[in-house]
Amino acid sequence: MPASLSLKQARRIALAAQGLDKVRPAAPVSARAVGRTFARLQLVQIDSVNVLARSHYLPFFSRLGNYDRSILHRMAGTRPRRMMEYWAHEASFIRPEHFRDLVIWQNRSWVGAHAMDPQFRSEVAQRVLQALADGPPLTAGELTVRLGHVEERARDNWGWNWNAVKRVLEHLFEEGLVSAASRTDSFERRYTLTARVLPPTAAPGLATGAGLAGGAGLPAGAGAAEPDAAAAMVRLIDAAALAHGIGTVRCFADYFRSPLRAAAAAVEQLVGTGRLEPVTVAGWNRPLYRHVEARLPRTASGRALLSPFDSLVFERRRLEELFGFHYRLEIYTPEAKRRYGYYVLPFLLRDGIVARVDLKADRAAGSLLVRSSHAEPGAPADTAVELAEELQLMAEWLELDRIAVAPVGALAAALAQAVDGLHPL
């Protein structure tokens, strides 16, 4: 008989797995604490929107408070690397130990040069790999200049209007042959050979890479035995389940955007080995599994503003079933049709998501703008006060001098009053 849990217990398991169940530590945030947080999350999503802060910075603020963002730059830019870029949930920073498994299972054929003439693609790939092998990391634009005019013989009308070099670069990135050494101030990738990012034992040896590039510039490890795809999926689903604490097959598959059928087979294997335990949760009427290492704290006392790309809110159906919170990112919704705003962050208080705020960092004016604020039905009486304190912490982290609350949303008046009662920044 599966163990039976209440919905509130399931929430606390999920929050503990994500490091959101406790009050943040009062001590200064160390690099070790940032590293432990990333190891817990397994990945953080990357997005170019910078209306508040780059999306990969925000999950660490949510869990740790005022931390030094340069710690992440060192984790992603110096060897041995603690984080690297690859496709996961979407474009993400991942733990390097997951890289080989993800390369096996990712299939983002729309991203790069799959539709190109194969011979042309191979020729460009060999030139790109040679240029990266001979010099420092380069952006797509710098590589285009270095290689000279490269044009596809029969151009197709493809999505983002990338040139041939950029498309081949993204194809090589997906294949695992090139990686991002760093990002420019304008958020462009600087590409380099994957062998220069990972230690030789971690670089993949993929036949697809040899076929694409004619063998030129392959990472160390090329020619190794064919990887075990099923074992790779088990490792990925185990990591996803550990990050979730509790969830469905679909929840676990969505974390790394893994194929559902393969994820289901991995879940079955993990149940058989005792890594996952079937459970039931009152009100959550789907087959559920709890990771053997998942904690069930007696209470949840955390408080956090969550990025729209935070891993707690990745899967919207899970979010609604678990927290009763319906959430939609409205960045791509025409302004007149938006319900809550452009860049809306859910506000977590203890074991519930109790409000949402549309935020913008007005760096020129030194202000954190709250463009709208809405409480959820049944939000506790201290929601405005707790949210005001969280906004003050965020403003300090972003080095902004003031918080400006617009009179938009049912929570706005109480929030403005609570902000006025804070100690000056």
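Mentor: Buried means under 20% relative accessible area, exposed means over 50%, and partly exposed lies in between (1.4 Å probe, protein chains only). This is a predicted model: local features need pLDDT of at least 70, side-chain atom pairs count only at pLDDT 80 or more, and totals for chains, interfaces and linings use all residues. Residues are numbered from 1 along each chain as its sequence is written, and side-chain values use heavy atoms, with hydrogens and water left out.

Trainee: How many helices and strands does the protein have?

Mentor: Both are DSSP runs, numbered from the N terminus: helices are H or I with at least four residues, strands are E with at least two. Here there are 15 helices and 14 strands.

Trainee: How do I read a pair of aromatic rings?

Mentor: Use the distance of the centres and the angle of the planes. Rings of Phe, Tyr and Trp (its six-membered ring) pair if their centres lie within 6.5 Å. Planes under 30 degrees apart count as stacked, over 60 as edge-to-face, and the rest as tilted. By this rule the count is 9 aromatic pairs.

Trainee: Why is the pair of Y255 and F314 tilted?

Mentor: The planes of Y255 and F314 stand at 55 degrees, with centres 5.5 Å apart, so the pair is tilted. This pair links distant parts of the chain. Y255 is in helix α11 (residues 249-255). F314 is in the loop between β10 (303-305) and α13 (316-323), and the two residues are 59 apart. Y255 counts as buried at 1% relative accessibility. F314 is buried too, at 9%.

Trainee: What about F325 and Y327?

Mentor: They also form a tilted pair, 5.8 Å centre to centre with 35 degrees between the planes. Both F325 and Y327 are buried. Elsewhere, ring pairs link F38, F60, F61, Y67 and W397 into a cluster.

Trainee: Which ring has the charged end of R54 over it?

Mentor: First, the rule. A charge sits over a ring if NZ of Lys or CZ of Arg is within 6 Å of the ring centre and within 35 degrees of the ring normal. R54 has its charged end over the ring of F187, 4.2 Å from the centre. F187 lies in the loop between β5 (178-183) and β6 (189-193). F187 has a phi near 75 degrees, a positive value in a residue other than glycine. F187 is buried, with a relative accessible area of 15%. In another case, R189 lies over the face of F173, at 4.0 Å from the ring centre.

Trainee: At what angle do helices α6 and α7 pack?

Mentor: Axes are lines fitted to C-alpha atoms, for helices over the stretch in contact, and angles run from 0 to 180 degrees between N-to-C directions. Helix α6 (residues 118-134) and helix α7 (residues 140-147) pack at about 105 degrees, with axes 11 Å apart. They are therefore roughly perpendicular. Under 35 degrees counts as roughly parallel, over 145 as roughly antiparallel, 65 to 115 as roughly perpendicular, and the rest as oblique.

Trainee: Which residues make the contact of α6 and α7?

Mentor: Contact means heavy atoms within 4.5 Å. R127, V128, A131 and L132 of α6 meet L143, R146 and L147 of α7.

Trainee: Where is Q42?

Mentor: Q42 is in the loop between α2 and β2. Phi of Q42 is positive, near 80 degrees. Q42 is buried, with a relative accessible area of 3%.
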